[in-house]
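Let's take a friendly walk through a protein model. Have a look at the picture first, then read on.

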Amino acid sequence: MKMKKLISMLLAVLMVAGMFPVSALAEENPTITLTGVSEAKIGDTIEVTAAVANNPGFSSMALSLQYDEKVLEFKGTKKELNNYGQEVTAGLFGAGLCEYNGNRIAFAAGNSDIAVDSILFTAVFEVIGSGETDVSVSVEEFKNASGTS
């Protein structure tokens, strides 16, 4: 019971993950919000969804997820099948999203900006230990098609 309560407290933090401002490309700053489950136990698989709001448009973006690696193990991003039966990353950007260096996630949209408020991705974690942890995101790059941050 004590372990379940501890893990519940740990994962409750996901529900109140903050919004993270990004350097302005326009008058309104974009924000990235994380949402997830309120409780889990060791061995459970959990999902944390990242969404962007006030998006002025970007052609490339790189994000880094932070969390306690003794409590959670990043398994990747959620996958789904596109209209051609190919497995792509779930969310607005489909195959334009790629994972790299474990907890880092990058987007590449080519020569045009993506300027929509939507879900960016759903990160999948396995609960591997007990304790408390926050899941947060840092924006490492946010550029529009002209290369401006």
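What follows is a short tour, from the overall layout down to one strand and the core.

## The big picture

Keep in mind that this is a predicted model.

Of the protein's 149 residues, 40% count as buried. Its accessible surface is about 7,900 Å², and carbon and sulfur atoms account for 49% of that. Now take the contacts between residues at least 6 apart in sequence: 73% of them link residues at least 24 apart.

Is strand β10 largely enclosed or left open by the rest of the structure? This strand covers residues 118-127, and seven of its 10 residues are buried, so it is largely enclosed.

Which strands pair with β10? One is β3 (residues 45-53), which runs antiparallel to β10 and is joined to it by eight bridges. Here Val48 sits opposite Ala123 of β10. Another is β5 (residues 72-77), also antiparallel, with five bridges to β10. In this pairing, Phe74 has Phe125 of β10 as its bridge partner.

In soluble globular proteins, nonpolar side chains tend to be buried together. In this model, the largest nonpolar core holds 25 residues, and Leu65, Leu120, Phe121 and Phe125 have the most contacts inside it. At least two residues each come from β2 (31-35), β3, β4 (60-66), β5, β9 (104-108), β10 and β11 (136-143). The top contributor is β10, with five residues.

Conventions:
Residues are numbered from 1 along each chain as its sequence is written. This is a predicted model: local features need pLDDT of at least 70, side-chain atom pairs count only at pLDDT 80 or more; totals for chains, interfaces and linings use all residues. Side-chain values use heavy atoms; hydrogens and water are left out. Buried means under 20% relative accessible area, exposed over 50%, partly exposed in between (1.4 Å probe, protein chains only). Helices (H or I, at least four residues) and strands (E, at least two) are DSSP runs, numbered from the N terminus. Two strands pair if DSSP finds at least two bridges between them. A nonpolar core is a set of buried Ala, Val, Leu, Ile, Met, Phe, Trp, Tyr and Cys residues joined through side-chain atoms within 4.5 Å. Contact means heavy atoms within 4.5 Å. Accessible areas come from the Shrake-Rupley method with a 1.4 Å probe; for residues, only the protein chains shown count as cover.
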